[in-house]
Amino acid sequence: MDYETLLIESDKRNLITREKPLQANDGRIKGRRIAIRKDMNTVQKACVLAEELGHHETSSGNILDQTSTANRKQEYKARIWAYREMISPDDLFSAFQYGCRNRYEIAEYIGVTEEFLEDALNYFKTQYPDGYSSGLNQYLIRFIPNLQVLALFD
């Protein structure tokens, strides 16, 4: 999902999203207002906005103090929400079909940063330890030990 689409999603949730000259964070949500650091590119902004929308959907209260276990758990839930919103295993297969063969190309194809992709792949490893296969068994994606996309033919 690109930045413009996420801005529309933010608006549908009655959130006010603005780009600001943030110093300490790339993004921040407080109440119904989301601030996104304005000196990033649109791919970076999309990843940050997805996470901030994840906070809106999954978090409550002030979780800035990351020494708290409860706050870290809320942070992780918001990131998981963002990973699921921005990347699906089907997107990885589409990238493979398109000709992407490394993480840089996959991230560019999907429209996320390499760091965001890497974090999402680490999450997928926990969700699909035996791999992910399409509903029609057309392909198999393995996340362990490394990302592998295999087209399955009859």
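Let's start with aromatic pairs. The count comes to 11. Rings of Phe, Tyr and Trp (its six-membered ring) pair if their centres lie within 6.5 Å. Planes under 30 degrees apart count as stacked, over 60 as edge-to-face, and the rest as tilted.

A quick word on the source. This is a predicted model, where local features need pLDDT of at least 70 and side-chain atom pairs count only at pLDDT 80 or more, while totals for chains, interfaces and linings use all residues. Residues are numbered from 1 along each chain as its sequence is written, and side-chain values use heavy atoms, leaving out hydrogens and water.

Back to the rings. Take Y83 and F116. Their centres are 5.3 Å apart, with 75 degrees between the planes. That makes the pair edge-to-face. Y83 sits in helix α3, residues 69-86, and F116 in helix α6, residues 114-127. They are 33 residues apart, so the pair links distant parts of the chain. Helices (H or I, at least four residues) and strands (E, at least two) are DSSP runs, numbered from the N terminus. Y83 is buried at 6% relative accessible area, and F116 is buried at 9%. Buried means under 20%, exposed over 50%, partly exposed in between, with a 1.4 Å probe and protein chains only.

Now F93 and Y139. Why is this pair called stacked? Because the ring centres are 3.7 Å apart and the planes are at 5 degrees. F93 lies in helix α4, residues 89-98, and Y139 in strand β5, residues 139-142. So the pair ties together parts 46 residues apart in sequence. F93 is buried at 9%, and Y139 at 4%.

Ring pairs also build a cluster. Among its members are Y83, F93, F116 and Y139.

Next, the core. The largest nonpolar core has 37 residues. A nonpolar core is a set of buried Ala, Val, Leu, Ile, Met, Phe, Trp, Tyr and Cys residues joined through side-chain atoms within 4.5 Å. Those with the most contacts inside it include F116, L92 and I141. Elements giving two or more residues include α3, α4, α6 and β5.
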